[in-house]
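Work through the exercises below with the sequence and the model side by side, and try each task before you read its solution.

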Amino acid sequence: MLVVPGADGEIGVLARHAPLVALLNAGSTRVYRDRSSGDVVEFATGPGFFKVEQDRALALVDDAVEAREIDDARAQTQLEEARAELERIERGESDADRWQLEQRVRHAENQLTVSGRG
């Protein structure tokens, strides 16, 4: 089973799922390799798109970090840079996409939470 952070909530898919295209928010993506034994691989993922077609699932995201490989310093830098750019938007000094920046903040915060620092 695969669980992704859809824009309207988590989306879980199993084998032979109906075709689907969805927008993904930054969040946690989990791959359940064996649900009975609890064998789960978790990723902190950025925003993107999700497609299920012909018994295949594809998550196209701007960043994905396996939970056990999260670099706290990198995530903290990402968080600070995204928050700084949001502040520039608030002051009228930037025309960057607010939604993208908010997703970058969520992605960095999620990495820090998953790694145990958040």
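Helices (H or I, at least four residues) and strands (E, at least two) are DSSP runs, numbered from the N terminus. This is a predicted model, in which local features need pLDDT of at least 70 and side-chain atom pairs count only at pLDDT 80 or more, whereas totals for chains, interfaces and linings use all residues. Residues are numbered from 1 along each chain as its sequence is written, and side-chain values use heavy atoms, with hydrogens and water left out.

**Exercise 1. The chain as a whole**

Task: Find how many helices and strands the chain has, and state in which order they run.

Solution: Begin with the count, which gives 2 helices and 8 strands. Next, follow the chain from the N terminus, where the elements run β-β-β-β-β-β-β-β-α-α. Then look at the extent of the chain, whose C-alpha atoms fill a box of roughly 50 × 30 × 15 Å along the principal axes.

**Exercise 2. Thr 45 and its surroundings**

Task: Locate Thr 45 in its element, decide whether Thr 45 is buried or exposed, and list what Thr 45 is in contact with.

Solution: First, Thr 45 belongs to strand E5, which covers residues 39-45. Second, the relative accessible area of Thr 45 is 4%, and therefore Thr 45 is buried. Third, taking contact to mean heavy atoms within 4.5 Å, and leaving aside neighbours within four places in sequence, the partners of Thr 45 include Pro 5, Gly 27, Val 61, His 107 and Asn 110.

**Exercise 3. Asn 110 and helix H2**

Task: Describe where Asn 110 lies and what the side chain of Asn 110 reaches.

Solution: Asn 110 is part of helix H2, residues 98-114, and Asn 110 counts as buried because its relative accessibility is 15%. The side chain of Asn 110 reaches the backbone oxygen of Gly 27 at 2.8 Å. This is a polar contact, that is, a pair of N or O atoms within 3.5 Å, where within protein one must be able to donate a hydrogen and the other to accept it, and residues adjacent in sequence count only if both atoms are side-chain atoms. Beyond four places in sequence, Asn 110 is in contact with Gly 27, Ser 28, Ala 44 and Thr 45.

Now widen the view to the helix itself. The buried residues of H2 include Leu 101, Val 105, Ala 108 and Leu 112, and the buried residues of this helix pack against strand E4 (27-34), E5, strand E8 (64-66) and helix H1 (72-90). At the N-terminal end, Asp 97 caps H2, with a side-chain oxygen 3.0 Å from the backbone nitrogen of Trp 99. Just after H2, Gly 116 takes a positive phi of about 100°.

**Exercise 4. Val 41 and Gly 38**

Task: Determine whether Val 41 is buried or exposed, and find where Gly 38 is placed.

Solution: Val 41 lies in strand E5 and counts as buried because its relative accessibility is 12%. Apart from neighbours within four places in sequence, Val 41 is in contact with Thr 29, Arg 30, Val 31, Arg 33 and Glu 66. Gly 38, by contrast, sits in the loop between E4 and E5, and Gly 38 counts as partly exposed because its relative accessibility is 49%.

Notes:
Buried < 20%, exposed > 50% of the residue type's maximum accessible area, 1.4 Å probe, protein only.
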